[in-house]
Amino acid sequence: MPEKWSNWAGNQRCQPEAIEHPGSEGEVVEAVRRAKDRAQRVKVVGGGHSFTDTACTDGRLLSLQRLNRVVVVDEQAHTVTVEAGMTIRLLNRELAARGLALLNLGDIDKQSVAGAISTGTHGTGATYGALATFVTGMEMVTASGEVLRCSASEEPEVLHCARVGLGALGVVTKVTLQCVPAFNLHHIERPRRFDTVLEDLDEAVAANDYFEFYWLPHTDSCAIIANNRTDEPVREKSAWKRWRAEVFFPNVFFGALVKAGKVAPSKIPRLAKVVADSLGNTELLNRSDRIFISTRLIRFVEMEYGIPRANAAEAVRAVRALIQDNDLRVSFPIEVRFVASDDVPLSMAHGRDSCFVAVHMARGVDFEPYFRGVEEIMTGFGGRPHWGKMHFQTAAELAPRYPEWDRFLACRDRLDPDRRFANGYLDRVLGR
Ligand SMILES: Cc1cc2nc3c(=O)[nH]c(=O)nc-3n(C[C@H](O)[C@H](O)[C@H](O)COP(=O)(O)OP(=O)(O)OC[C@H]3O[C@@H](n4cnc5c(N)ncnc54)[C@H](O)[C@@H]3O)c2cc1C
């Protein structure tokens, strides 16, 4: 009986014909050739942290977990080449040991390097791009079973397209990342009123290196998070204070609201007000990756849309109206982040400074009415869904939102004309 696979959130499952764990690039080549000989499709899975069925297949599933080594570090240029299955967690550790860091990160570190960049994973910070914008070179195994290297000087068109590749162009085996000297961040989280946050938004985004906020539905309460680079040394908190700030409040205390909300949705608004009274009041000074990365113990399902930054306040107000007007019971905060414009064809921030609005629902709760409502709002702003998070869009709807859509498809036609790397998700979002 073939092994089953499911993602972190538990909302996607598949039964591949085989699951393989190659330990070298040569073994990836063999695996792709094996699939080709048997006329089977191939999909790679990284950390399985996407909410969409992007990593699902009924063909052969390749996990690159064993490809997790540092290949080369250029200390002058501050670049590092790593195997594509390395987790962001291990990457951060390897970089810190060499006095380096990534300029920005998302809020967890469980993803693989290739998986994170492939879906456009991003953090927050108005002048910083998504992780894919740090990529200066890649190596991949193409559908023909050949190894292809791309950089600014070798196959630059492939590099241009493959940085957010959705696994559609090949099996990425190595990634070269532009890093920066390690830095510390001063983290401040403070409660604010909903209207105050939106009125002061442009100033706050411009005044801080990394700014985001979240709003707790059914309340008037937000928390703003401002992370700024500092030359001050790390201020270690006691293990107890760290646990209280980083694990207890965001997971245990808030988790109680989520659990209670699942059992008795009608109580969510009242419970949310209790949680709102103790929202965000934290100050930390630590190494950048330790500030960026959070612990996520509660399982949930998420949708996130990138929209033009200028529409941020209007979009968040529209989501609040959607919840109120339809009497939706939402126990998770709405998270709002900011990302700089980039030139990556399938990046959600392609060609425009962006605001990302993320909505969540507890695992097992019907998210569709809420997510479809949010999707309609975001579509009105020309929104682009995060490739790794829930959405209901198809290729025909997505293509006009990406100016370089055809350029990506041309690269796909060249590298994978027989659609060896396709799956149901890619058939839906890119077309066959
Ligand atoms: C708790 C949680 C928090 C999150 N926080 C953030 C956040 O802060 N910001 C954000 O933007 N996103 C966030 N995400 C989404 C997540 O970063 C993305 O979905 C990411 O793609 C997951 O990486 P992964 O390694 O798990 O990839 P998977 O989900 O396993 O795969 C994603 C895609 O990449 C492809 N792929 C993986 N490896 C390769 C390879 N070697 N070669 C070719 N293709 C490959 C897969 O085929 C698939 O199409 C979060 C998700 C969760 C569950």
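This is a predicted model: local features need pLDDT of at least 70, side-chain atom pairs count only at pLDDT 80 or more; totals for chains, interfaces and linings use all residues.

Biologist: How many residues surround the ligand, and which are the closest?

Modeller: The ligand is surrounded by 33 residues, and the closest are G46, G106, G115, G167 and G388. Two or more residues of the shell come from each of β4 (42-45), α3 (113-118) and β11 (171-178). Helix α3 gives the largest share, four residues.

Biologist: Why is E302 called partly exposed?

Modeller: The count for E302 is 19 C-beta neighbours inside 10 Å. Buried requires 20 or more and exposed requires 12 or fewer, so a count in between is called partly exposed. E302 therefore counts as partly exposed.

Biologist: Where is E302 found, and what is it in contact with?

Modeller: E302 is found in strand β17, residues 300-308. Leaving aside neighbours within four places in sequence, E302 is in contact with F51, A358, H360, K389 and M390.

Biologist: How do you know that the buried residues of α2 line one face of the helix?

Modeller: The buried residues of α2 (residues 88-97) are I88, L91, N92 and L95. Seen down the axis of α2, they fall within an arc of 100°, so they line one face. An α-helix has 3.6 residues a turn, so residues three or four places apart point the same way. The buried residues of α2 pack against β7 (79-83), β8 (100-101), α3 and α9 (288-292). After α2 comes G99, with a positive phi near 70°.

Biologist: What are the buried residues of α13, and which residues are exposed on the other side?

Modeller: In α13 (residues 405-415) the buried residues are F408, C411, R412 and L415. Their arc, seen down the axis of α13, is within 100°, so they line one face of the helix. D406 and D413 are exposed on the other side of α13. The buried residues pack against α4 (156-162).

Biologist: What makes β13 a partner of both β15 and β16?

Modeller: Two strands pair if at least two bridges are found between them. Strand β13 (184-193) is joined to β15 (221-230) by ten bridges, and the two run antiparallel. Six bridges join β13 to β16 (282-287), also antiparallel. Both pairs therefore meet the cut-off of at least two bridges. R190 stands opposite I224 in β15, and L185 stands opposite N286 in β16.

Biologist: Which residues of the largest nonpolar core touch the most other members?

Modeller: That core has 119 residues, and V113, I117, V175, F213, V316 and V357 touch the most other members. Its largest share, six residues, comes from strand β19 (354-362). The core draws at least three residues from each of domain 1 (70-181) and domain 2 (184-385). Not counting residues up to four places away in sequence, V113 touches V82, A84, M86, I88, L91 and V175.

Biologist: How many residues does each domain give to the contact?

Modeller: The C-alpha centres of domain 1 and domain 2 lie 26 Å apart. The contact takes 24 residues from domain 1 and 26 residues from domain 2. On the side of domain 1, α2 and α4 each give two or more residues.

Technical notes:
Residues are numbered from 1 along each chain as its sequence is written. The arc is that of the directions from the helix axis to the C-beta atoms. Two residues are in contact if their C-beta atoms, placed from the backbone, lie within 7 Å. A nonpolar core is a set of buried Ala, Val, Leu, Ile, Met, Phe, Trp, Tyr and Cys residues joined through C-beta atoms within 7 Å. Domain bounds come from an automatic or database domain assignment. A residue is near a molecule or strand if its C-beta atom, placed from the backbone, lies within 6 Å of it.
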